[in-house]
Amino acid sequence: MRVRRIETAIQFVSDPEASGKWYADFLGIEPTPYEGPYFRFDEHAYLILAPGSPGTGRGGTGIWFEVEDVDEAYRELTERGHKFNEPPFDIPPGRLVTINDPDGNIIGLIDNTKGGMPGQQ
């Protein structure tokens with residue numbers, strides 16, 4: 001078996017409707033109708049917001065989204081009122097910045113300006 005890509009990521013949240021609005025603003029796309037907020041990206045990649053269940057270990061998840069330019073995304077989102085955990089910084093494949101959603105789940109924005117991860121085409 002060879003895993004080709006992340007197809008679906010699930011963020012566990014306390015209020016899917018409120019988080020859906022936050023993610024729609026943050027990502028710049030509207031959710032697709034589904035049981036809960038469901039965001040579809042190119043090439044069959046999905047983000048689903050599901051109700052968290054205290055005491056089950058579900059929650060505290062994280063996801064990284066690839067963007068063309070981390071610094072540009074940081075400026076744009078900061079101007080729209082989003083508060084990041086730190087300014088963008090260098091990592092081996094490119095640049096990274098992190099933010100937390102309303103439930104504290106970490107979201108990373110990454111660009112692969114230095115060629116990406118080893119083996120990435």
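I started with helix H1, which lies across strands E1, E2 and E3 and runs at about 150° to E3. For the angle I noted that axes are lines fitted to C-alpha atoms, for helices over the stretch in contact, and that angles run from 0 to 180 degrees between N-to-C directions. Contact means heavy atoms within 4.5 Å. Helices (H or I, at least four residues) and strands (E, at least two) are DSSP runs, numbered from the N terminus.

Before going on I wrote down the ground rules. The model is predicted, so local features need pLDDT of at least 70 and side-chain atom pairs count only at pLDDT 80 or more, while totals for chains, interfaces and linings use all residues. Residues are numbered from 1 along each chain as its sequence is written, and side-chain values use heavy atoms, with hydrogens and water left out.

**Entry: the whole chain**

I counted two helices and seven strands in the protein chain. Along the sequence they follow the pattern β-α-β-β-β-α-β-β-β. The chain has 121 residues, and 38% of them count as buried; buried means under 20% relative accessible area, exposed over 50%, and partly exposed in between (1.4 Å probe, protein chains only). I also looked up contacts with a separation of 6 or more: residues 24 or more positions apart account for 52% of them.

**Entry: the sheet of three strands**

This open sheet has the order E1-E3-E2, with mixed pairing. Its edge strands are E1 (8–13) and E2 (38–41), each of which pairs on one side only. The twist averages 15° from one strand to the next. Two strands pair if DSSP finds at least two bridges between them. E1 and E3 (residues 45–51) run parallel and are joined by six bridges. Ile-10 stands opposite Ile-48 in E3.

**Entry: the sheet of four strands**

Here the order is E4-E7-E6-E5, in an open sheet with mixed pairing. Why is one side of E4 and of E5 left without a neighbour in the sheet? Both stand at the edges with a single partner strand each, so one side of each has no neighbour there. Neighbouring strands of this sheet are turned by 35° against each other on average, direction ignored.

I then followed E6 (residues 94–100). E6 pairs with E5 in the antiparallel sense over three bridges, and the two form a hairpin with two residues between them. Phe-89 stands opposite Leu-96 in E6. On to E7: E6 and E7 pair in the antiparallel sense over six bridges, with Arg-95 opposite Asp-111 in E7. Their hairpin has five residues between the strands, and Gly-104 in the turn has a positive phi of about 90°. E6 is mostly covered, with six of its seven residues buried.

H1 (residues 16–27) turned up again at this sheet. H1 lies across E4, E6 and E7 (106–111) and runs at about 15° to E7.

**Entry: His-82**

Where does His-82 lie? I found His-82 in the loop between helix H2 (70–79) and strand E5 (89–91). His-82 is buried, with a relative accessible area of 8%. Not counting residues up to four places away in sequence, His-82 touches Trp-22, Asp-25, Phe-26, Leu-77 and Ile-99. With Asp-25 there is also a polar contact between side chains (2.8 Å). A polar contact is a pair of N or O atoms within 3.5 Å; within protein, one must be able to donate a hydrogen and the other to accept it, and residues adjacent in sequence count only if both atoms are side-chain atoms.
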